[in-house]
Amino acid sequence: MKFSKATNYALHTMLFLAAFPPNKLIGVQQLAERQEVSPTYLSKILTKLVKAGMIESTSGANGGYRLKRNWEEISFLDVIHAIEGSASLFDCEMNHGSECLVQKVMVSAEEKMEDFLKKQKLSEIAKKLTVVL
């Protein structure tokens, strides 16, 4: 299974923001440079994270992004859903109804993966990260 590059950038951006001083705003340019990605592309990802209520943005010369309150509870799965949506990774195209044995196995595997990702909190991972300001 493979997640999009946008999810990769979103997870790394969220981790960086989690390790950064909480009241300090970080500009999209600085966030983009850390990941060697286009600021325009990263802005689209940041917009999804803002809409999901995980980060907030402030416009203007001194504007930027920062995590919202209660960010300690944000999981990897929350970020993935903000970028990828919550649709199932596997959808059986066969015409044998809801009793598809292959679909049942795939859904079970996906549920286990989602449970694991739900337990992985950004705040716990951020404690292991050293950010150079």
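This is a predicted model: local features need pLDDT of at least 70, side-chain atom pairs count only at pLDDT 80 or more; totals for chains, interfaces and linings use all residues.
1. Basis. Local features need pLDDT of at least 70 and side-chain atom pairs count only at pLDDT 80 or more, while totals for chains, interfaces and linings use all residues. Residues are numbered from 1 along each chain as its sequence is written, and side-chain values use heavy atoms, with hydrogens and water left out.

2. Helix crossing. The axes (lines fitted to C-alpha atoms over the stretch in contact, with angles from 0 to 180 degrees between N-to-C directions) of helix 1, residues 5-19, and helix 3, residues 39-51, come within 10 Å and cross at roughly 70°. Helices are DSSP runs of H or I with at least four residues, and strands are runs of E with at least two, numbered from the N terminus. The two helices are therefore roughly perpendicular (65 to 115 degrees).

3. Helix contact. From helix 1, Lys5, Ala6, Tyr9, Ala10, Thr13 and Met14 meet Tyr41, Leu42, Ile45, Leu46 and Leu49 of helix 3 (heavy atoms within 4.5 Å). These residues divide into 9 nonpolar, 1 polar and 1 charged; Ala, Val, Leu, Ile, Met, Phe, Trp, Tyr, Cys and Pro count as nonpolar, Asp, Glu, Lys and Arg as charged, and the others, Gly among them, as polar.

4. Aromatic pair. The structure holds 2 aromatic pairs (ring centres of Phe, Tyr or the six-membered ring of Trp within 6.5 Å). The ring centres of Tyr9 and Tyr41 lie 5.8 Å apart with planes at 85°, so this pair is edge-to-face (planes over 60 degrees apart). Tyr9 in helix 1 and Tyr41 in helix 3 are 32 residues apart.

Technical notes
Angles under 35 degrees count as roughly parallel, over 145 as roughly antiparallel, 65 to 115 as roughly perpendicular and the rest as oblique. Rings of Phe, Tyr and Trp (its six-membered ring) pair if their centres lie within 6.5 Å; planes under 30 degrees apart count as stacked, over 60 as edge-to-face and the rest as tilted.
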